[in-house]
There are 2 protein chains.
Amino acid sequence: MLSKNTRKKILELHNKKKRVENNAFIVEGIKGVNEFLNSDIELINLYHTEDFDTKTTEKHILVTQGELQQISNLKNPNKVLGVFEIPKKKQISTKGITLVLDQINDPGNLGTIIRLCDWFGIEQMICSENTVDCYNSKVIQSTMGSLTRVNIVYDDIFQYLKNTDKPVYATVLGGSNIHKTSFEKNINIVIGNEANGISAEVLELVNKKITIPSYSKHNKTESLNVAVATSIVIAHIKGLEG
Amino acid sequence: MLSKNTRKKILELHNKKKRVENNAFIVEGIKGVNEFLNSDIELINLYHTEDFDTKTTEKHILVTQGELQQISNLKNPNKVLGVFEIPKKKQISTKGITLVLDQINDPGNLGTIIRLCDWFGIEQMICSENTVDCYNSKVIQSTMGSLTRVNIVYDDIFQYLKNTDKPVYATVLGGSNIHKTSFEKNINIVIGNEANGISAEVLELVNKKITIPSYSKHNKTESLNVAVATSIVIAHIKGLEG
């Protein structure tokens with residue numbers, strides 16, 4: 001049985017501030033939990049119902065469906081909830097593509113971007129401190145296990161970009177046509193906020209402004225969704241690499 | 001004041017069956033409503049609060065915030081709700097790219113795909129009859145005004161693909177590398193369901209199977225989100241056109 005105190009401790013982790021304080025986050029559902037169990041990320045505790053297939057260790061705690069419901073963020077929790085340790089900041093390598101996110105707010109967008117980094121072998125991402133937390137449950141839900149394979153660091157991106165040796169690309173309106181641009185092998189790509197794009201101070205550090213051209217006859221066409229634009233840029237650059 | 005009967009008639013339009021019966025759909029919010037007002041799509045009635053800037057005609061009906069709340073699907077309705085006529089089926093042109101959707105279920109994905117068709121000047125889309133309704137409020141919300149600029153037809157896609165003169169491309173696992181494939185100018189591109197991909201009978205009508213290669217070192221990488229994959233394919237083909 002879960003004590004009131006344990007319940008409280010777990011529930012707190014649905015909140016970002018408490019995740020940081022406790023250096024822990026929650027993963028829910030069989031598929032997600034198994035991906036994290038098979039990764040380098042450290043398990044703190046696993047709360048599971050009787051029908052979840054697992055060996056029993058002291059970290060694995062059997063709960064009833066009602067108890068699982070009490071600690072879950074989901075309407076219909078699926079057999080298991082894992083509490084994992086937030087991994088230590090890894091050094092950012094200077095090789096390859098580094099994606100730099102400037103205040104991405106929507107968890108679905110961040111999740112999609114992490115998933116496509118995983119697909120395209122982009123192993124590192126630097127997020128501005130005001131970007132949505134990658135240990136937010138909605139991000140975890142939408143990344144599937146990709147979060148275990150991409151090194152994500154929250155940092156002062158202005159300072160990072162000021163000191164980087166790699167050229168800084170960004171997608172903006174009125175930049176050069178992406179299809180007519182050549183790309184170095186080791187670069188940074190900055191992705192801006194959903195509504196406001198790249199912040200003014202960060203934009204000043206961008207060396208190469210690129211644009212995905214529109215082929216619409218209408219001048220009212222909405223801009224592309226940020227995750228869509230990111231995927232087009234990355235797929236294009238990776239395609240050029242061959 | 002809104003009569004009980006009017007309220008009921010509007011509320012019914014949040015339901016697909018009733019939209020089809022009444023040949024009408026709802027658009028909410030200032031930006032969306034204005035885009036539809038400025039399009040070819042016929043307005044049936046506009047329900048707006050006093051602070052919505054509009055000329056008064058007999059189609060424009062002044063309501064209180066409370067009344068707007070009663071007919072809205074949103075937590076915080078924003079000044080206006082428009083009821084518009086579902087446009088007549090337009091002929092599908094055989095020119096250019098036709099996107100064919102095979103059971104896309106998620107309204108957000110359909111909305112994103114419509115928006116990117118608008119961006120890339122793809123003017124027509126054929127959806128299988130079991131694809132989510134493009135007049136669903138979540139689709140309307142996420143397409144912004146793009147829905148007014150893309151011709152969307154719900155039809156038997158198996159029959160359509162059987163009779164089309166254009167080659168049929170589809171993104172599948174294990175197809176030829178998209179970056180090493182050449183594309184004709186007039187083609188169909190089939191997009192499959194989020195979980196199950198393209199249905200077996202439709203897959204038999206595909207002439208050219210293509211794949212967005214993964215660059216991941218891990219073999220567990222999740223497949224790309226369907227809207228992301230669609231955008232990569234379309235951006236790539238449009239980029240080749242120059």
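Predicted model: local features only at pLDDT ≥ 70, side-chain atom pairs only at ≥ 80, totals over all residues.
## Where chain A meets chain B

Let's start with the contact between the two chains, to which chain A gives 31 residues and chain B gives 31 residues. On the side of chain A that touches chain B, helix 5 (107–119) and helix 9 (226–241) of chain A each supply at least two residues. Helix 9 of chain A provides the largest share of that side, with eight residues.

By class, the side of chain A that touches chain B holds 11 nonpolar, 13 polar and seven charged residues.

## Helices 5 and 9 of chain A

These two helices are worth a look as a pair. The axes of helix 5 and helix 9 of chain A come within 9 Å and cross at roughly 15°. Because angles under 35 degrees count as roughly parallel, helix 5 of chain A is roughly parallel to helix 9 of chain A. The crossing of helix 5 of chain A with helix 9 of chain A is right-handed.

From helix 5 of chain A come A:Asn109, A:Thr112, A:Ile113 and A:Leu116, which meet A:Val226, A:Ala227, A:Thr230, A:Ser231 and A:Ile234 of helix 9 of chain A. This contact has five nonpolar and four polar residues, and no charged residues.

## B:Gly192 in its loop

Over in chain B, B:Gly192 sits in the loop between strand 9 (187–191) and helix 8 (200–203). B:Gly192 is buried because 22 other C-beta atoms lie within 10 Å, where 20 or more are needed.

Leaving aside neighbours within four places in sequence, B:Gly192 is in contact with B:Asp102, B:Gly197 and B:Ile198. B:Asn105 is 87 residues from B:Gly192 in sequence, and the two are 10.0 Å apart in space, C-alpha to C-alpha.

Terms used. Residues numbered from 1 in each chain as written. Chains lettered and ligands numbered in written order. Contact = placed C-beta atoms within 7 Å. Helix = DSSP H or I, 4+ residues; strand = E, 2+ residues; numbered from the N terminus. Nonpolar A, V, L, I, M, F, W, Y, C, P; charged D, E, K, R; others polar. Axes fitted to C-alpha atoms, helices over the stretch in contact; angles between N-to-C directions. Parallel < 35°, antiparallel > 145°, perpendicular 65-115°, else oblique. Left-handed = near helix turned anticlockwise from the far one by under 90°. Buried ≥ 20, exposed ≤ 12 C-beta atoms within 10 Å, placed from the backbone.
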